[in-house]
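Trainee: Before we look at the structure, could we go through the terms used for it one at a time? I would like to see how each name is reached.

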Amino acid sequence: MKKITIAIDGHSSCGKSTMAKDLAREVGYVYVDTGAMYRSVTLFALRNGLFKSLPPTPPEGKGAEQLQIDEEELRRQMPNIRISFKFNAETGRPDTYLNGELVEQDIRTMEVSNHVSHIATLGFVREAMVAQQQQMGKDKGVVMDGRDIGTVVFPDAELKVFVTASAEVRAQRRYDELKGKGMEADYDEILKNVQERDYIDSHREVSPLKKADDAIELDNSNMTIAEQKQWLLDRFNEAVK
């Protein structure tokens, strides 16, 4: 059976990573979580004090926080940011490593979620990540999910899927995921974060989130994980025939 490239794009917290991981394990492909890569760069920036808070300005009003990234320093540090994935036999899924350190839990916090879209708008960051992603998938047999996989990273992918769901459903899923891991979570804060990330991801100048013309759209608002898994497996079987 021929190997193909599978690109799964979509909004934040719509379950695309779970779908991608399950499919990769089912068919024996390599899974690459590109969102984890941008989260890792964000974690690096936070740890190294590269985000600066600025006083609020109209029309945001009192209490609104503006963030400024030290782009020059982050650009200088990019060659020192090494992201890798190692298979976790216990979970059956890959874990994310930043410069050799396991950061799978650290990159899933709300602090990282609140900053990652700002990092993802930077052209030099996306250029570095896309180069790494293309290298990871050069031999095909890969499942990759993110925001621009089918439009920028692998425009010639044999199977492209665009996943979406309502913001409320996605916020609830994210809330349940964090609580399930024993982490603090606030639904209203998560919903606000989801809506803000949707806007930033869709309106950024570099590689904005959009559905590829030849992608299959899936609204999984009312689907179980099992139903999503079967739907994607059916699309895979159709693509490899």
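Mentor: Let us begin with a definition: axes are lines fitted to C-alpha atoms, for helices over the stretch in contact, and angles run from 0 to 180 degrees between N-to-C directions. Please keep in mind that this is a predicted model. With that in hand, helix 4 (residues 110–120) and helix 8 (residues 187–203) have axes 9 Å apart and pack at an angle of about 15 degrees.

Trainee: What makes helix 4 roughly parallel to helix 8?

Mentor: Angles under 35 degrees count as roughly parallel, and the angle here is about 15 degrees, so helix 4 is roughly parallel to helix 8. The crossing of these two helices is left-handed.

Trainee: Which residues make the contact of helix 4 with helix 8?

Mentor: Helix 4 contributes Met110, Ser113, Asn114, Val116, Ser117 and His118, while helix 8 contributes Glu189, Ile190, Asn193, Arg197, Ile200 and Asp201. Sorted by class, the contact holds four nonpolar, five polar and three charged residues.

Trainee: Helix 7 (residues 167–180) also meets helix 8, with axes that come within 9 Å. Why is helix 7 called oblique to helix 8?

Mentor: Their axes cross at roughly 125 degrees. Roughly perpendicular covers 65 to 115 degrees and roughly antiparallel needs over 145, with the rest counted as oblique, which means that helix 7 is oblique to helix 8. This crossing is right-handed, and the residues of the contact divide into eight nonpolar, two polar and four charged.

Trainee: What makes strand 5 (83–88) and strand 7 (101–102) edge strands?

Mentor: The open sheet of three strands has the order 5-6-7, with antiparallel pairing, and strands 5 and 7 each pair on one side only.

Trainee: How do you know that strand 5 pairs with strand 6 (residues 93–98)?

Mentor: Pairing requires at least two bridges between two strands, and six bridges join strand 5 to strand 6, the two running antiparallel. Within this part of the model, Asn88 stands opposite Arg93 in strand 6.

Trainee: A search of the whole structure finds one aromatic pair. Why is the pair of Tyr29 and Phe236 called edge-to-face?

Mentor: Ring centres must lie within 6.5 Å, and planes over 60 degrees apart count as edge-to-face. The centres of these rings are 5.6 Å apart and their planes stand at 90 degrees, so the pair is edge-to-face. Because Tyr29 lies in the loop between helix 1 (16–27) and strand 2 (30–33), and Phe236 in helix 9 (residues 225–240), the pair ties together parts that are 207 residues apart in sequence.

Definitions and conventions:
Residues are numbered from 1 along each chain as its sequence is written. This is a predicted model: local features need pLDDT of at least 70, side-chain atom pairs count only at pLDDT 80 or more; totals for chains, interfaces and linings use all residues. Side-chain values use heavy atoms; hydrogens and water are left out. Helices (H or I, at least four residues) and strands (E, at least two) are DSSP runs, numbered from the N terminus. A crossing is left-handed if the near helix is turned anticlockwise from the far one by less than a right angle, and right-handed if clockwise. Contact means heavy atoms within 4.5 Å. Ala, Val, Leu, Ile, Met, Phe, Trp, Tyr, Cys and Pro count as nonpolar, Asp, Glu, Lys and Arg as charged, and the others, Gly among them, as polar. Rings of Phe, Tyr and Trp (its six-membered ring) pair if their centres lie within 6.5 Å; planes under 30 degrees apart count as stacked, over 60 as edge-to-face and the rest as tilted.
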